[in-house]
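Here is a short briefing on the structure shown below.

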Amino acid sequence: MSIAILWGEYVPVEMNENEQIVLDLIRKNPYISQQELAELVGLSRPTIANMISGLIKKGKIKGRAYILNDSQQVVCIGGANIDRKFHIKGKAQFGTSNPSYVTSSVGGVARNIAENLGRLGLDVALISASGMDKDWSIIEEASSLYMNLDTVTQFPEKSTGSYTAVLDSSGELIIALADMEVYESITPDLLRKHNALLSRSKCIIVDLNTPKESVQYLCHFAKNHDIPLAIIPVSAPKMNRLPDDLAGATWLITNRDESEAYFQAEIKNRDDWKKALEKWLELGIANVVITNGKEGAMIGNKKEGIFHVPSIKTNQIVDVTGAGDAFSSAVIYSWLEGKSLIEIAKAGNMNASKTLQSPYTVRQDLSADQLKKNVEESS
C-alpha cells in the first residue's frame with residue numbers, strides 16, 4: 001500500500017500523539033503496510049486502518065493505492081559486508097612478507113545474491129544488520145540501485161561485516177578472514193518485525209551468516225505461510241547453523257565441502273556425491289544442489305530425480321569470489337521462471353563461469369537477456 005502525504009497545504013486540525021507517529025512513519029516510507037505500522041506503533045491493524053481513514057478525512061493524507069501481488073519481493077536475509085582482497089604478485093610464501101596489492105568491493109552472500117537477482121530484473125529486499133560506519137555507507141551506495149535496503153537494521157555500537165581474502169597469482173583463494181559478528185543481531189525478534197514483508201514475499205533466501213534459531217524460525221514461517229525458502233550455506237564451519245527441522249526448506253544450494261562437513265562423510269566419487277544429495281532430500285528439503293568445482297553440479301528432487309550437470313570450461317579465472325553466489329542466484333531465478341532441473345543447473349553453471357572471468361564479485365554485464373543468451377550459446 002502506498003500512501004501519499006498532502007504536502008504544501010495547511011489544514012488546521014489537531015492530531016493526537018499516535019496519529020503524528022503514524023504520519024511520520026508514512027512520510028519516511030510511503031510503501032509501509034498497515035501491519036508494519038501496527039507493529040511499530042504497538043496498536044492493532046484495525047486501529048491503524050481507522051487512524052489512516054481519520055488522517056485522510058483531516059486532509060493529512062491524500063489517498064491510498066494498493067500494490068498488486070505481481071510486485072512481490074524476493075527477500076534475501078544474511079550477510080552484507082566489505083570484501084577486501086589481497087592479491088599476491090608472485091608465488092605465495094608462508095612465514096614471510098609477500099608483495100601484493102589490495103582491492104576492495106562490496107560483498108556478503110545474501111547481498112551478492114540480492115544484487116544478482118536485482119540485475120536479473122527481480123524486485124528484491126535485503127534484511128541484514130550493519131554498523132553505522134563508513135563501510136556501511138560504501139555498501140549502501142553500491143547496493144541501493146538493485147535492492148531495497150530499508151529493512152537493514154543499523155547498530156551504532158557494532159562494526160559492519162568484513163571479509164578479507166588472500167589470493168594467489170592465479171586468483172585462487174589461499175586464506176580468508178571473516179568478521180561477521182554483527183549478523184548475530186539477526187535474531188528471531190528482529191525477523192518478526194518484518195513478518196508483514198515476509199508473509200507477502202515471492203521467495204525467502206537466507207544465508208548461514210544468520211543464527212541457527214533464526215534460520216529455524218524462517219523454516220517454520222515459510223512452511224506455515226506456504227512461501228518458498230532457499231537456504232544458502234556460506235562455509236563448512238557454519239553448517240552447524242542449519243536447523244534440526246528442514247521440512248520448510250524449498251532449496252538447499254551447497255558445495256561438496258559443506259555437505260561433507262554436515263554428514264561427516266567424504267565424497268570421493270560420483271556415487272558418494274549422489275548418496276549425499278539423497279540424504280539431504282530425506283531430511284525434507286524439496287530441491288537440493290551439491291556443486292563440486294570443475295566436476296559440475298548434482299541437482300535433484302524426489303519428483304524429477306537426480307541429475308549431474310557438467311561445469312562450463314573456464315579458460316581464464318580472474319577471481320573466484322562471488323562465483324558460488326552467482327550460481328545460487330541463477331538457480332533461484334531459473335526456478336522462479338519455471339525451468340527444469342537441468343536448465344536450472346546449466347544457468348547456475350553459466351553465471352558462475354562468467355563471474356569467475358570477471359574482476360567483480362557480481363558481474364557487471366548481468367541481465368535476464370544476457371544470461372539467457374549465454375546459456376543458449378553454450379548449448
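Gln-264 counts as exposed, at 74% relative accessibility. Exposed means over 50% relative accessible area, buried under 20%, and partly exposed in between (1.4 Å probe, protein chains only). This is a predicted model: local features need pLDDT of at least 70, side-chain atom pairs count only at pLDDT 80 or more, and totals for chains, interfaces and linings use all residues. Residues are numbered from 1 along each chain as its sequence is written, and side-chain values use heavy atoms, with hydrogens and water left out.

- Gln-264 is not a glycine, yet has a positive phi of about 50°.
- Gln-264 lies in the loop between H9 and helix H10 (270-282). Helices (H or I, at least four residues) and strands (E, at least two) are DSSP runs, numbered from the N terminus.
- Asp-226 also is not a glycine and has a positive phi of about 55°.
- The loop between helix H8 (212-225) and S11 holds Asp-226.
- Asp-226 is exposed, at 71% relative accessibility.

- Helix H9 spans residues 256-263 and contains Glu-260.
- Glu-260 is buried, with a relative accessible area of 17%.
- Not counting residues up to four places away in sequence, Glu-260 touches Ala-265, Glu-266 and Ile-267. Contact means heavy atoms within 4.5 Å.
- A pair of aromatic rings is described by the distance of the centres and the angle of the planes.
- Rings of Phe, Tyr and Trp (its six-membered ring) pair if their centres lie within 6.5 Å; planes under 30 degrees apart count as stacked, over 60 as edge-to-face and the rest as tilted.
- By this rule there are 5 aromatic pairs.
- Tyr-262 and Phe-263 form an edge-to-face pair, 5.2 Å centre to centre with 90° between the planes.
- Tyr-262 is partly exposed, at a relative accessible area of 28%.
- Tyr-262, Phe-263 and Trp-280 are linked into a cluster by ring pairs.
- Over the ring of Phe-263 sits the charged end of Lys-279, 5.4 Å from the ring centre. The criterion is NZ of Lys or CZ of Arg within 6 Å of the ring centre and within 35 degrees of the ring normal.

- Which strand is largely enclosed by the rest of the structure? Strand S14 (residues 297-301) is, because 5 of its 5 residues are buried.
- Ala-297, Ile-299 and Asn-301 point one way from S14, Met-298 and Gly-300 the other way, and all are buried.
- Strand S13 (residues 287-291) runs antiparallel to S14, joined by 5 bridges. Two strands pair if DSSP finds at least two bridges between them.
- Val-289 has Ile-299 in S14 as its bridge partner.
- S13 and S14 make a hairpin with 5 residues between them, and Gly-293 in the turn has a positive phi of about 55°.
- Strand S15 (residues 305-309) pairs with S14 in the antiparallel sense over 5 bridges.
- Opposite Met-298 stands His-308 in S15.
- S14 and S15 also form a hairpin, with 3 residues between them.

**Nonpolar cores**

- The largest nonpolar core has 44 residues. Such a core is a set of buried Ala, Val, Leu, Ile, Met, Phe, Trp, Tyr and Cys residues joined through side-chain atoms within 4.5 Å.
- Cys-76, Leu-117, Ile-205 and Trp-251 have the most contacts inside the largest core.
- Helix H12 (residues 341-356) gives the most to this core, with 6 residues.
- Leaving aside neighbours within four places in sequence, Leu-117 is in contact with Val-74, Cys-76, Leu-122, Val-124, Ile-205, Ser-329 and Tyr-333.
- A second, separate core of 41 residues includes Val-75, Ile-77, Met-239 and Leu-281.

**Ala-249**

- The loop between strand S11 (229-232) and strand S12 (251-255) holds Ala-249.
- Ala-249 is buried, with a relative accessible area of 3%.
- Ala-249 and Ile-205 are 44 residues apart in sequence, and 9.9 Å apart in space, C-alpha to C-alpha.
- Neighbours within four places in sequence aside, Ala-249 is in contact with Leu-229, Ile-231, Gly-284, Ile-285 and Ala-286.

**Cysteines**

- How many disulfides does the structure hold? The count is 0, where a disulfide is a pair of cysteine sulfur atoms within 2.5 Å.
- Cys-203 is in no disulfide; its nearest cysteine sulfur, that of Cys-76, is 8.0 Å away.
- Cys-203 is buried, at a relative accessible area of 2%.
- Cys-219 is in no disulfide either; its nearest cysteine sulfur, that of Cys-203, is 12 Å away.
- Cys-219 counts as buried, at 1% relative accessibility.
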